[in-house]
Amino acid sequence: DVYVTVATKSDLLRNSIPVSDWRHFKADAIPPELTGIAISGPVLDNLQLLKEGGRYLRLVESRGSHSWGTSTLSVYSFTLSGNRPADAGTVTALIERIATGTIDLWVDPASSDVRLMVFSNDPYYSTTTLSSMNAVPEVVPPIAER
């Protein structure tokens with residue numbers, strides 16, 4: 001079973017993405033307009049890759065400061081360190097997808113908060129934008145946890 005909702009607060013994006021309430025379908029019947037958006041599998045928390053003090057990352061380079069919206073963020077490029085967690089959870093899934101690719105972290109130098117994460121390993125590409133910290137997400141899942 002796959003559940004997906006697509007939402008945006010931007011009036012401009014509403015016309016170009018398939019905004020919807022929660023939709024449900026089987027993994028082998030994902031509608032074409034949601035291919036690449038809805039996937040069968042666990043929800044991956046990309047921040048888990050940063051746990052254990054960065055044990056899973058190896059710094060490649062500092063790419064300096066870059067503008068991002070109204071902020072200036074420091075950008076760092078990493079590869080995977082080769083360390084693996086003992087369990088087969090989220091971090092293991094991320095390691096398998098990133099493999100020999102890169103991890104770019106955009107960090108607010110004033111607070112050390114990660115604001116943007118970019119994972120690249122063709123054909124896998126994932127971006128995570130962190131727009132608020134320590135806030136309860138607005139997304140409410142359609143079914144209770146089983």
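## Close-up views, one by one

**View A. The whole chain comes before the details.** The mean positions of the 12 positive and 16 negative charges of the protein lie 2 Å apart. Lys and Arg are counted here as positive, Asp and Glu as negative, while His and the chain ends are not counted; each charge is placed at NZ of Lys, CZ of Arg, CG of Asp or CD of Glu. This is a predicted model, in which local features need pLDDT of at least 70 and side-chain atom pairs count only at pLDDT 80 or more, whereas totals for chains, interfaces and linings use all residues. Residues are numbered from 1 along each chain as its sequence is written, and side-chain values use heavy atoms, with hydrogens and water left out.

The protein has three helices and seven strands, in the order β-α-β-α-β-β-α-β-β-β from the N terminus. Helices (H or I, at least four residues) and strands (E, at least two) are DSSP runs, numbered from the N terminus. The C-alpha atoms fill a box of roughly 40 × 40 × 30 Å along the principal axes. Of the 146 residues, 31% are buried; buried means under 20% relative accessible area, exposed over 50%, and partly exposed in between (1.4 Å probe, protein chains only).

**View B. Strand 5 pairs with strand 4 and with strand 6.** Start with strand 5, residues 102-107: five of its six residues are buried, so the rest of the structure largely encloses it. Strand 4 (residues 71-80) runs antiparallel to strand 5 and is joined to it by five bridges; here you can find Y76 opposite L105. Strand 6 (residues 114-121) also pairs with strand 5 in the antiparallel sense, over six bridges, and W106 stands opposite L116. Two strands are said to pair if DSSP finds at least two bridges between them. Six residues separate strand 5 from strand 6 in their hairpin, and S112 in the turn has a positive phi of about 65°.

View C. In soluble globular proteins, nonpolar side chains tend to be buried together.

**View D. Helix 3 is covered by several elements.** The buried residues of helix 3 are V91, T92, A93, L94, I95 and I98. Their cover includes helix 2 (51-54), strand 4, strand 5, strand 6 and strand 7. R97 also belongs to helix 3, but R97 is partly exposed, with a relative accessible area of 30%. Beyond its neighbours within four places in sequence, R97 is in contact with I39, L44, N121 and Y124.

**View E. A99 follows helix 3.** A99 is found in the loop between helix 3 and strand 5. Phi of A99 is near 45°, a positive value in a residue other than glycine. With a relative accessible area of 36%, A99 is partly exposed. For another such backbone angle, turn to E52 in helix 2: E52 is not a glycine, yet has a positive phi of about 60°.

**View F. Strand 7 has a covered face and an uncovered one.** In strand 7 (residues 124-129), Y124, S126 and T128 form the covered face, and Y125, T127 and T129 the uncovered one. In a regular strand the side chains alternate between the two faces of the sheet. Strand 6 and strand 7 run antiparallel, joined by six bridges, with S120 opposite Y125. The two strands form a hairpin with two residues between them. In the loop between strand 6 and strand 7 you will find P123, and the peptide bond joining D122 and P123 is cis, with omega about 10°.

Key: Contact = heavy atoms within 4.5 Å.
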